[in-house]
Amino acid sequence: MKILVCIKQIPDMASKFKPNAAGSWFSEADLAFRMNEYDEYAVEEAVKLREKDPASELAVLSVGPARVVEALKKALAMGCDRAVHVPDEEAYRKDPWQIASIIAGYAKKGNFDIIFTGMQSQDRGSAQIGPLLAGMLGFSCVTTAIGFSLEGRTATAKRELEGGAKGVVKAALPAVITCQLGLNTPRYPTLPNIMKAKKKEIAVLNAAELSSEAALAGTEKFYAPVKKGTGLVLEGGDAAALAGKLIDVLKEKTTVLRG
Amino acid sequence: MEATREIYWNVGRGAIPPMYGFFAAAAGAMAYGFYKKLAVYRSGKALDRVSGPADRLARAVYWALAQLKVLRNPFPGLFHAGFFWGFLLLTAGTALIMVQEDFTVRLFGLRFLQGDFYRGYSLVLDLAGLAAILTLLVFFVRRFLYRPKGLETTADDCLAHALLFFILVTGFLIEGARMAVTELHANPELARFSPVGLLVAGLLPGSPAALEGLHKSLWWVHMFAAFGFIAFVPFGKLRHLFLIPVNYFFSDTGPLGGLKTLDLADENAQTFGAEKVNELSWKDIYDSDACVSCKRCQDECPAYATGKTLSPMKVIQDLRRSALAGPGTDIVAAVTDKALWACTTCRACQTTCPAAIEHVPKIVEMRRSMTLMKGEFAGEEGRAAIGSFEVNKNPFGLPNAGRADWAAGLSVRTLAEDPSADVLYFAGCYASFDRRNKAVAARFMEICSKAGVKVGMLGKEEQCCGEPARKLGNEYLYQELAGENIKTFGKYGVKKIVTACPHCRHTLGVHYRDLGFGGEVVHHTVFIKELIDSGRLKLKALPFEFTYHDSCYLSRYSGVTEEPRAVLAAAGGSLAEMERCGDNSFCCGGGGGRALLEEKEGTKISVERVKMARATGRPVVVSNCPFCLTMLEDGIKAADCEAALKARDLAEVVAERLA
Ligand code: SF4
Ligand code: SF4
């Protein structure tokens, strides 16, 4: 079995975001980066699958600037066999269509049976890479998986639907699975695996050679939401639930709970 | 009349060859017993605990003879010391007889057990025997009648008690019988020098012939008991007679609170930390065998005191059982992860242990195995904190770019802005991000500017010192964080650092040495004391009443107990000590990474400490550690005594009294 997992490195979401000089995206100055949370579930699920069959092979891929190598190293330490880095200092200017075609350009040649990725990125949140990739490759596609198993060449995934409803989907391989919170608890890499990961291959591929697709959509402007002085009334439920809601609001919208 | 006695009186010199034969057998049994143990100790990893042997030997002899470690706890320490000295003198007295009869007399015809020396010898030995019997009685009452909480009594304890008691009693009976025949009437002047023997002699009924018969048979019984004791030493708790003084020789000569720095670049290392017996060092295994289950460590342990699974005594006993079960025995399973995560690394156990057993490094070593080899965490909050350290370089998950925000509006500059500072202030995570501790940092800056000290900081270039991660077992993350900090110190040529946090102070000042940073690191308490002593800082003494909470990492890890008291006295404070103070202090519950974890088991350690502070009746508890301040304030809230007790940092008290 050949497995691919696609990951993105994103800024820590607790950061204070400022627009870059062109006002086209956020400035990366002073930001700390980490692996996209949903991609961690994808890596974990891929590693679990790979561990079941010693003959299988698991590659991890990321498109982005030099810093994404850190995320690739973490995926290697978690148990991926090899990594593919497609360097692109301006990846943030590419739209999901372009990123997906770069990945498809690579995956086409790789004969993959299954591709895992996060259901969306925490920073851009378009949730398009998985479905686009499946379309380009002609794979089956299951999104927002919160449960996954494989029987022969049939994948069974539990999906989270609107309003908390769940659904179970069966898909024939090859397939793209996008992963949602609840699928698993990503492992913490052990030190021997971190050491081993340092010796694993990180191949560097040229984005332009994988795809020359033009953007279908561009990001015009990046700016902080205009502050509105609106109030908010929390109603209903018992006191504990209300207090919980209040804390969530304070955490999300203010800094009073941050020390 | 001559002042001496006939050695081997009544038993005759014919007893000598069989006596030596039995002695050889007993000594052989003892040697064999320890030899068997050697293989168990050897199943551990190599560790140098013998270099500098002269100093080690001197220390071992001093600690053992002076009973230094035992006397730390006056009761039952004094009684143990009394017994030890008594028994030691009796053994030495017996050995002197051997020296005279079998060496000096045979070789030079010299007899020294006579005249005044013999009188003194008799008196000293008689009193030593009395002291030994009386202290043994006290032990008997304590162990079997009073039964202190937590003291476990096994067959081994009973046997040791009975044997010692029997040897002492038969010794006096033999003396009494001999004196009844040879001294009571014949040499009363000499008999006075053996008051206990004299008493026994007077009480023994019977004709001289009957007494001689009694004497002879008791002599053999006593001899067998004494040799039995020698043979038994390695096999029961009495092994501590030998193992503990030797453990003093092996004890750590490095700085207080040292931990082994793992070589993470070692390509051959297969395992990190200790999950199995043979992943411990030989010293760890030896330690476990030297434990006498005296429970002193358990009595001092804040986790045990608040109903957690952890008892340091049990940890050591679990290790001992595991070591005896075989080198591959799973020690993490034996000790349990619950117990291991409960430790605050407060070092109270280790400081008080009369056997000089090193508990904390073992606990950390096992945590390392859980973390580094299995990727385990002490709960979800532990996982989150480690994740935050990795991404944000602080446990709060806040952007590290805001690390200098606490200093906004103050005169302190980053070294990047102005590298000419006198001293680097390493604020640490709490003083950088926690609201309460940010205020403390600001007050410390006031003190420095009043004293004319130019302080620099690293701002967003500062990262967590790595201490909580390290104590939680994540040596890899610790070394990453430490490495970055050390690089930054190097970039600015940092020579002297003052820290807000005792944990930072200990880590930067002691542990960073292994990673290549050798600068001077002091805590703000010591820094303030230096400023006062040098006359740069003047205080108005405004009277206030307080109690002082010694943080573990300042007192037990850094030996700083006098300085804060002196500073607070200079500030006009009148101190009422808590029962647990100085290097005997009771942890706030925040050490060992515990401040970042939830405390679900038992009661809250901080509440226990707040109760102790409340018992002094003082309205303020002064501390000087960000963890302590946070934990104490939590404890005060949880104990619902916010009106009666306030927690403050020493720097705040000082800053209010700048002259
Ligand atoms: S470890 Fe030390 S203090 Fe604890 S029971 Fe054993 S000998 Fe006593
Ligand atoms: S270090 Fe403190 S908390 Fe840990 S076992 Fe020893 S006494 Fe208990």
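By class, 13 nonpolar, two polar and one charged residues line the second largest cavity (Ala, Val, Leu, Ile, Met, Phe, Trp, Tyr, Cys and Pro count as nonpolar, Asp, Glu, Lys and Arg as charged, the others, Gly among them, as polar). This is a predicted model, where local features need pLDDT of at least 70 and side-chain atom pairs pLDDT 80 or more, while totals for chains, interfaces and linings use all residues. Residues are numbered from 1 along each chain as its sequence is written, and chains are lettered from A in the order written.

Start by selecting C429(B), Y430(B), C501(B), C504(B) and F627(B), which lie nearest the centre of the second largest cavity among its 16 lining residues. A cavity is a set of points on a 1 Å grid over the protein atoms alone where a 1.4 Å probe fits but cannot get out, and lining residues have an atom within 4 Å of a point. The space here is about 130 Å³, a volume being what is filled by probe spheres set on the points.

Next, pick helix 19 (428–433) of chain B (helices are DSSP runs of H or I, at least four residues; strands are E, at least two). Helix 19 of chain B gives the largest share of this lining, four residues.

Now hop to chain A and select K8(A), V63(A), I99(A), S121(A) and I129(A), nearest the centre of the largest cavity, which 37 residues line. Its volume is about 500 Å³. Colour strand 4 (57–64) of chain A: strand 4 gives the most to this lining, with four residues. By class, the lining of the largest cavity has 18 nonpolar, eleven polar and eight charged residues.

Key
Side-chain values use heavy atoms; hydrogens and water are left out. On a 1 Å grid over the protein atoms alone, a cavity is a set of points where a 1.4 Å probe fits but cannot get out, and a pocket is an open set with protein on both sides within 12 Å along at least five of seven lines; lining residues have an atom within 4 Å of a point.
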